[in-house]
Amino acid sequence: MPTITTIQDLKKLHQRRVPRMFYDYAESGSWTEQTFRENTTDFEKIRLRQRVAVDMTGRSTASQMIGEDVAMPVALAPVGSTGMQHADGEILAAKAAEAFGVPFTLSTMSICSIEDVAANTSKPFWFQLYAMRDKTFVKNIIQRAKDAKCSALVVTLDLQILGQRHKDIKNGLSIPIRPTIGNIANLATKWRWIAGMAKTKRHQFGNIVGHIDGISDLSSLSVWAAESFDPQLNWEEVKEIKKMWGGPLILKGILDAEDARMALQVGADAIIVSNHGGRQLDGALSSIRVLPSIMDAVGDKVEVHLDSGIRSGQDVLKALALGAKGTYIGRAFVHGLGAMGQAGVTRALEVIHKELDTTMALCGETSVEDLGRHNLLIPEDFEGRWLDQ
């Protein structure tokens with residue numbers, strides 16, 4: 001096994017071992033990719049306060065997210081098509097998360113189905129729902145998540161209309177891969193990936209194919225998504241989803257204080273401050289930059305989590321110190337999965353945990369529960385002054 005000390009190490013292996021279209025699907029944003037870039041660079045603007053002569057023994061990163069015990073407040077985010085990064089990818093990621101003691105969130109657009117993941121794990125996982133035009137499908141998939149004993153429903157609110165991602169269009173992203181000359185040439189260099197995919201029967205969207213009338217395959221993700229996601233999604237529909245689900249509800253895609261207040265009104269148990277990893281509204285602010293304003297608006301009334309831009313344990317610490325009770329990694333674990341399968345996901349979690357634990361200690365803290373703004377040096381203009389009227 002190569003020496004892995006950072007998520008960047010896994011990213012390099014991921015790029016070498018996975019077909020270009022799937023690597024680019026994970027490592028890209030919409031339009032100019034400004035928001036995609038700033039999700040990470042804005043973390044770098046926040047500095048850490050070093051403290052010394054503090055007893056650093058007995059440290060703990062253990063915490064809770066929506067009442068569930070976690071080894072560290074980091075969940076695996078829902079990522080579409082994870083099973084194309086590595087054969088049976090969602091199953092392997094879920095198993096790694098379970099063994100490590102952190103939540104795994106299965107995407108509606110997964111290759112392995114809800115039932116596949118449930119059959120290969122022993123603890124409840126979370127399920128992420130996209131609101132679809134087909135209300136029968138929505139009702140049925142919520143019931144399938146219940147039957148699989150999923151312990152939380154994560155409803156994504158920021159994908160009513162698909163943001164344009166130039167790399168996906170230029171690569172001709174499709175599942176299964178179209179046999180073009182360019183794709184065949186690229187695949188010829190990915191023997192490890194081909195060998196793995198040859199051993200699994202899971203090559204389609206397991207939650208979709210066979211569960212919607214008239215759909216036997218999904219050759220194009222973007223075309224199908226554009227026709228299927230519900231552009232009429234509204235807060236009343238979110239209330240109906242909560243009623244159908246009946247369990248802990250997490251609302252993902254909150255990037256504005258007013259929307260955070262609306263999420264509170266519809267009864268969310270937690271909200272995820274997220275801009276979809278910079279893959280939707282390009283030009284939106286980074287998640288970490290808007291987190292303080294959302295904490296000011298609702299932080300003492302609902303559990304606030306953060307997604308988008310986390311690539312290290314130091315990023316996790318900064319989000320927690322700004323008030324988040326939980327964080328999510330998407331690309332970070334996908335890099336591990338594409339690089340080395342389940343072992344790579346485990347390695348990604350180990351890297352982030354070590355960085356979080358060491359940084360916490362050098363900041364003079366022994367528990368993630370004690371982190372706060374006193375651990376940070378934040379630029380005066382970090383939140384920015386914006387004319388919104």
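Is R289 buried or exposed? I took up this question first, in what is a predicted model.

**Entry 1: R289.** I looked up the relative accessibility of R289 and found 12%. Buried means under 20% relative accessible area, so R289 counts as buried. I then located R289 in the secondary structure: the residue belongs to helix 13, which covers residues 287-298.

**Entry 2: surroundings of R289.** I listed the contacts of R289, leaving out residues up to four places away in sequence. R289 touches D42 and K45, and also D381, F382, E383 and G384.

**Entry 3: overall fold.** I read the span of the C-alpha trace along its principal axes as about 60 × 50 × 45 Å.

Entry 4: I considered contacts between residues at least 6 apart in sequence; 75% of them join residues at least 24 apart. Of the 389 residues, 57% count as buried, and R289 is one that counts as buried.

**Entry 5: surface and charge.** I noted an accessible surface of about 16800 Å², with 51% belonging to carbon and sulfur atoms. I also looked up the charged side chains: 44 are positive and 46 negative. The centres of these two sets lie 5 Å apart.

How values were computed:
Residues numbered from 1 in each chain as written. Predicted model: local features only at pLDDT ≥ 70, side-chain atom pairs only at ≥ 80, totals over all residues. Heavy atoms only, no water. Buried < 20%, exposed > 50% of the residue type's maximum accessible area, 1.4 Å probe, protein only. Contact = heavy atoms within 4.5 Å. Areas by Shrake-Rupley, 256 points an atom, 1.4 Å probe, with all protein chains shown as cover. Lys, Arg positive; Asp, Glu negative; His and termini not counted. Charge placed at Lys NZ, Arg CZ, Asp CG, Glu CD. Helix = DSSP H or I, 4+ residues; strand = E, 2+ residues; numbered from the N terminus.
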